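Have the structure open as you read.

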Amino acid sequence: VTASPLDAGSEHLLRDLAPQVLGAVIRRFRDFSAAEDAVQEALVAAAVQWPREGLPENPRAWLIQVASRRMTDHLRSEMARRRRETAAAMQVDLLAPAPAVESESDGDDTLILLFMCCHAALTPSSAIALTLRAVGGLTTAEIANAFLVPEATMAQRISRAKQSIKASGVPFSLPTNQERAQRLRSVLHVLYLIFNEGYTSSVGPQLQRLELSHEAIRLTRIVHNLLPDDAEAAGLLALMLLTDARRTARTGPDGELIPLTKQDRTVWDQNEISEGIALLAATLPRGSIGPYQLQAAIAAVHDEAARVEDTDWPQILALYDLLKRMSDNPMVMLNHAIAAAMVHGPSTGLELLDALDADGRLTGHHRLDAVRAHLLEMAGDHQAAIAHYSTAAARTTSLPERNYLITQAARLREGTPTVEP
Amino acid sequence: MKAHKRVRKSKGAEDMKYILMMNGPRNSYDIFGAMPKEDIKAHIAFMRAFSKSLGESGEFVATEGLADPKQAKMVRAGKDGEPITDGVFPEAKEFLAGYWIVDVESPERAYQIAARASAAPGPGGKPINMPIEVRQVLSGPPEEFQ
């Protein structure tokens with residue numbers, strides 16, 4: 001089928017409607033897995049028919065109707081199959097839709113879907129795939145493409161995710177108040193993983209995959225709009241915006257990695273920076289500070305420095321101190337060591353790295369070697385720095401990062417006198 | 001691995017996929033890393049342009065670079081089916097550093113592409129002329145005779 005593609009406005013509308021339509025169809029037919037398939041078919045039908053026949057008067061109702069028809073077809077063939085198999089034709093009630101319970105709003109449906117798709121019963125990769133499809137309205141092919149795996153693999157991952165949800169017996173309703181905080185943490189974590197996957201692609205020769213980052217921002221914006229009082233949802237959205245603002249500056253013409261200290265700050269996206277900072281300014285004073293807000297605050301301090309030498313390192317160090325107290329995460333300890341080196345000198349940073357060695361959780365991790373190389377270089381011990389840059393290069397699994405680290409070692413061997421912060 | 005849509009190839013032509021394997025000694029990553037900075041940059045730029053040109057000619061199927069062989073493990077199943085890993089390899093052993101899979105009209109074309117990869121710039125920008133192992137990728141079942 002060759003049809004002119006949907007214009008951006010309709011595409012956006014379709015993706016926004018996807019979770020609302022799915023919520024409505026699940027309410028009517030009570031089968032998440034089949035409803036999800038039916039809504040996907042309705043989205044594909046819309047992408048083909050809308051450009052040809054024009055936008056329907058009520059796009060939401062159009063999608064629900066098409067998806068419901070697919071559900072009915074599906075249930076009919078399912079009944080026929082059972083009849084053939086068991087000769088017991090007692091399932092007629094399956095065809096009668098449940099009375100449409102519209103007690104909850106579209107917004108609640110979107111939240112419920114997010115809670116389901118990001119349920120702790122799922123592995124992160126399953127939760128990510130299912131969230132992108134059921135809530136994001138992306139096709140399996142698009143998701144497969146974003147993760148550089150064959151479509152059949154992604155289809156299987158999504159199907160297994162749906163089976164896990166079915167097996168876990170999660171009801172299609174908002175979590176109880178006791179569960180809510182924990183479940184929301186899972187949702188934010190999955191959105192954070194989607195963003196990171198797009199930002200620091202873990203596979204392949206390219207460092208950034210834009211679509212995933214933008215999809216993560218779009219979904220997090222939806223969560224923030226539905227839960228405007230949740231400080232961490234706002235913090236996560238701010239973190240994504242303040243990080244994404246640096247996207248174009250992050251790679252050079254040959255796809256090479258450009259560290260924060262070397263980036264052309266004039267190309268940072270000032271709109272994203274302003275929006276992120278405004279979000280933080282509205283959120284931080286409320287007092288329920290969490291890790292996403294702190295990471296966003298750190299990103300904001302970097303983004304606010306017009307030149308690298310203007311960076312307010314004491315403030316960054318103070319924020320890492322807070323973050324370190326809040327989360328027992330060795331990566332936070334590593335970043336804290338860098339900030340400490342920037343404020344108190346490289347020897348302080350190197351002492352903190354020794355503590356990380358003793359901690360053991362980052363043993364063999366390339367980031368520990370890369371940071372140690374960097375601090376050794378600051379301290380003037382170029383031979384040791386070269387050795388650690390090389391070890392880090394051998395350990396990283398990112399191609400652009402490996403190239404960057406190898407180039408750092410080569411630069412030092414040639415004695416180029418550019419000690420970077 | 002990312003499969004790209006083909007932009008060129010006449011209908012009915014034989015589907016001929018080849019894998020071009022870049023093999024090197026265990027220390028080839030160290031040798032690469034020991035080159036001068038400008039030579040490293042030139043090599044990286046060449047590899048990117050090379051993969052891009054394969055995409056543009058409609059012959060690109062997939063490419064991957066592999067992590068340093070120092071991290072490699074040899075695994076076989078023990079009696080209980082559990083993995084037995086072995087990570088110490090003799091210095092002389094050759095390792096796969098990366099590969100391309102191309103979809104081409106003829107084996108000669110695959111050899112041509114391999115030769116271009118072989119001539120990637122090394123120290124001083126001179127071609128390395130590294131060996132590239134070219135093997136045909138097996139296809140699915142043949143058409144049935146009616």
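## Charged pairs and a chain contact

At 35% relative accessibility, Asp37(A) counts as partly exposed. The model you are looking at is a predicted one, so treat every value here as computed from predicted atoms.

Asp37(A) has a partner: its side chain meets that of Lys162(A) in a salt bridge, with 2.9 Å from N to O. Asp37(A) sits in helix H2 (residues 32-53) of chain A and Lys162(A) in helix H7 (residues 151-168) of chain A, so this pair ties together parts that are 125 residues apart in sequence. Lys162(A), with a relative accessible area of 5%, is buried because the cut-off for that class is under 20%.

Now turn to Arg372(A), in helix H16 (residues 366-378) of chain A. Is this residue buried or exposed? With 11% relative accessibility, Arg372(A) counts as buried. Leaving out residues up to four places away in sequence, Arg372(A) touches Leu350(A), Leu353(A), Asp354(A), Asp357(A) and His388(A). With one of these, Asp357(A), Arg372(A) forms a salt bridge. Asp357(A) belongs to helix H15 (residues 346-359) of chain A, so the pair ties together parts that are 15 residues apart in sequence. Asp357(A) itself counts as partly exposed, at 34% relative accessibility.

A further pair joins Asp303(A) and Arg246(A), and both residues are buried. Asp303(A) is in helix H12 (residues 291-304) of chain A, while Arg246(A) is in the loop between helix H10 (231-244) and helix H11 (270-283) of chain A, 57 residues apart.

| Salt bridge | N to O distance |
|---|---|
| Lys162(A) and Asp37(A) | 2.9 Å |
| Asp303(A) and Arg246(A) | 2.5 Å |
| Arg372(A) and Asp357(A) | 2.7 Å |

Over all chains, the whole structure has 26 salt bridges. Some are joined up: Glu11(A), Arg15(A), Asp16(A), Glu215(A) and Arg218(A) are linked in a network.

How many salt bridges cross the interface of chain A and chain B? The rule finds 0 there. On the side of chain A that touches chain B, helix H17 (382-395) and helix H18 (399-413) of chain A are the elements that give two or more residues. H18(A) gives the most, with 7 residues. By class, that side of chain A has 5 nonpolar, 5 polar and 6 charged residues. Overall, the contact takes 16 residues from chain A and 20 residues from chain B. Together the two chains bury about 1600 Å², 56% of it on carbon and sulfur atoms.

Key: Residues numbered from 1 in each chain as written. Chains lettered and ligands numbered in written order. Predicted model: local features only at pLDDT ≥ 70, side-chain atom pairs only at ≥ 80, totals over all residues. Heavy atoms only, no water. Contact = heavy atoms within 4.5 Å. Buried area = accessible area lost by both parts, 1.4 Å probe. Salt bridge = Lys/Arg side-chain N within 4 Å of Asp/Glu carboxyl O. Helix = DSSP H or I, 4+ residues; strand = E, 2+ residues; numbered from the N terminus. Nonpolar A, V, L, I, M, F, W, Y, C, P; charged D, E, K, R; others polar. Buried < 20%, exposed > 50% of the residue type's maximum accessible area, 1.4 Å probe, protein only.
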